[in-house]
Every structure is written in C-alpha cells, then in structure tokens.
Amino acid sequence: MENELNDPNVPVPDELQSAVTITSLDRIYNWGRRSSIWPMVFGLACCAIEMICTAASRFDIARFGMEVFRATPRQADLMIVSGTVTKKMVPQIVRLFNQMPEPKYVMAMGACASGGGPFKEGYNVVSGIDKFVPVDVYVPGCPPTPQALLHGLIKLQQKIDNQSIKAVRWYGQNASEAVPIPVLGPDLLDPRQHALLAQQAGQPGDSAETLEA
Ligand code: SF4
C-alpha cells in the first residue's frame, strides 16, 4: 500500500519503504485530521435520509475515518447541512456551528442547503446556508446520492491536504470569532416578534392586539 505520509518530492529507496517515512509537519498534521473527520448527527429534511444511508455498511464510510457521527457539536469536525434550511432553523444551525471547536468544516448537501433548491425564495426558506456560515464544500443534487456525498467528503479531504499549519485560522493571532446568531427580523421574519423588532429598529410598532386583529 502506498505510504500516504511520504513526501513525493523526497523519494525513499524501495528497500527502505517499509521502515522509513520522510514527511513534513504539514503533511502529517493534515493526514491526521483528514483521516478522522467526525460529522455531527444533524439532518434537516430529505437529504438527511441520503446522509443516513451513507453511514450504512454498504458504503463503508469508515474507510475515510468518518464513521463516528457525533451527537454533540463539541466533538464534531464537520457539519453536513443536509436538507431545506428554514428561517426558523437558521439560528439553531448557527448556534451549533459556534459550538463546534476549531478546526471545523461545513458541507452544504443538496440544492436546498446550497441555494434554496425547489423552495428558493419561499416565504419560510433561506437561499443557502452560506449566507450565514462559511461553507467549504457544496454537494449538488436533489437529493445527492450517498456516492455524491462521499465525493464531497473526498473533496473536503483534498482541501485539508492543501492547508498549512502556519496559515490556518485557528492558530492565527486573531482567534476565530463566533458567527453572530441571526435575529429573526426583516430577513428571518417571525411575525410573533413584530412589535419588538419594530421597536428595536426605532419604528413605531404595531401592538400584538393590532397584529391579531
Ligand atoms: S435538495 Fe431536494 S432532497 Fe434535498 S432537502 Fe431539498 S428538496 Fe429534499
């Protein structure tokens, strides 16, 4: 089996292949992370069914070291946004993203998470989760098949392979800041909070009674 850790620019003689590895700090750092990406147990709609199928034995996601779906964001490396993103769910999604420790990645799975899908510009759906959290990989389809999701995971591995420990944001001087949790407002309208939002915006608000009338 090919030794993934070997630096291809520094060839190792055949007789030493099984005993010697010449690598770089970046390569071994990225190899460790790309081989143990733990996704979060988190699904929103029909795409989530395909994501669940991907974890079945038939697709053997364990060969990528990704079979450990975690039930808490604090132990997850990857958020797979699988399904329709409603305005009601966006604050929860951003809150979960903020609770994930660095290094963390986001994958938009399917047409809905990538851009709204068949519900684009619907009254209750946002036009893509990338309006709120940074997305690393987009997986097209409605829904994407498990094979498409695996392809997206491989693309994420390739992205990790190209990162450098000297440049990654989580070791930089400016620590990653939490993404502001969207307030239900003009974009994420919650009719129940109309009076409060109007007050915060400095406009005269209708009272709850007026809204109900
Ligand atoms: S992209 Fe298609 S399959 Fe996926 S959540 Fe949207 S409607 Fe469902």
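User: How do the residues of the shell around the ligand divide into nonpolar, polar and charged?
Analyst: This is a predicted model, and in it the shell has nine nonpolar residues, three polar ones and no charged ones. Among them are Cys46, Cys47, Cys112 and Cys142.

User: Which helices each supply at least two residues of that shell?
Analyst: Helix H2 (46-54) and helix H4 (110-115).

User: Let's stay with H2. Which of its residues are buried?
Analyst: Cys47, Ala48, Met51 and Thr54. Looking down the axis of H2, these buried residues fall within an arc of 105°, so they line one face of the helix.

User: Why would residues spaced like that point the same way?
Analyst: An α-helix makes a turn every 3.6 residues, so residues three or four places apart point the same way.

User: And what do the buried residues of H2 pack against?
Analyst: Strand S1 (78-82), strand S2 (105-109), H4 and helix H5 (146-161). On the face turned away from that buried side, H2 carries the exposed residues Cys46, Ile49 and Ile52.

User: New topic: how many salt bridges does the structure hold?
Analyst: Four. One of them joins aspartate 161 and arginine 34, with the closest N and O atoms 2.8 Å apart. That pair links distant parts of the chain, 127 residues apart: aspartate 161 sits in helix H5 and arginine 34 in helix H1 (residues 25-34).

User: Is arginine 34 buried or exposed?
Analyst: Arginine 34 counts as buried, because its relative accessibility is 16% and the cut-off for buried is under 20%. Aspartate 161, at 35%, counts as partly exposed.

Definitions and conventions:
Residues numbered from 1 in each chain as written. Predicted model: local features only at pLDDT ≥ 70, side-chain atom pairs only at ≥ 80, totals over all residues. Heavy atoms only, no water. Near = heavy atom within 4 Å. Helix = DSSP H or I, 4+ residues; strand = E, 2+ residues; numbered from the N terminus. Nonpolar A, V, L, I, M, F, W, Y, C, P; charged D, E, K, R; others polar. Buried < 20%, exposed > 50% of the residue type's maximum accessible area, 1.4 Å probe, protein only. Arc of directions from axis to C-beta. Contact = heavy atoms within 4.5 Å. Salt bridge = Lys/Arg side-chain N within 4 Å of Asp/Glu carboxyl O.
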